[in-house]
Amino acid sequence: MPYQDVFVLFWEHVKESVQEGRFAKLTMAKTIGKPNLKNIFVRPVYSDNDFKVLVKLRYQSKETEDEEFEYTLDEAFEYLKPYLKTSFSSVILFTTTKDITFKINKKGAASMTEQGPTFKNVIQPKNDLD
């Protein structure tokens, strides 16, 4: 199955964890090559009437300032897709009940694995955008 299709299945786990209030964090890691972009973190931003995520791009270079964007979950999905296989080969979903890792190997095949949860509670990030 192409890695894009597996990522769609992975993203269903993300949406389900949000709907059930279990979403803690998502991290794109395992960079490909030696890019300046080190990680992408996605954290929940809860408000009274909707759910958004804070997407943070962290860079290797101290001269490059980290960037933050606030998106809906669907917007975040579209934003993150181009980074798969070009910049990152691994995405980890952290929930309060389990962690799910999405990986792309060198041949372009994707897999998902589950393990016990890293986080016991959902952490509300400070939103500097207010």
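These questions and answers walk through a predicted model, in which local features need pLDDT of at least 70, side-chain atom pairs count only at pLDDT 80 or more, and totals for chains, interfaces and linings use all residues. Residues are numbered from 1 along each chain as its sequence is written, and side-chain values use heavy atoms, leaving out hydrogens and water.

Trainee: In what order do the seven strands form the open sheet?

Mentor: Strands here are DSSP runs of E, at least two residues, numbered from the N terminus. Two strands pair if DSSP finds at least two bridges between them. The pairing is antiparallel, and the order is S4-S3-S2-S1-S5-S6-S7.

Trainee: Which are the edge strands?

Mentor: An edge strand pairs on one side only. That holds for strand S4 (67-71) and S7.

Trainee: How many bridges join strand S6 and S7?

Mentor: Strand S6 covers residues 99-104. Ile104 has Ala110 of S7 as its bridge partner. S6 and S7 pair in the antiparallel sense, and the bridges number six.

Trainee: Is Ser89 buried or exposed?

Mentor: Ser89 lies in strand S5 (residues 88-95). Buried means under 20% relative accessible area, exposed over 50%, partly exposed in between (1.4 Å probe, protein chains only). Ser89 has 18% relative accessibility, so Ser89 counts as buried.

Trainee: What is the relative accessible area of Met112?

Mentor: Met112 is found in strand S7 (residues 110-115). Met112 is partly exposed, because its relative accessible area is 31%.

Definitions and conventions
Helices (H or I, at least four residues) and strands (E, at least two) are DSSP runs, numbered from the N terminus.
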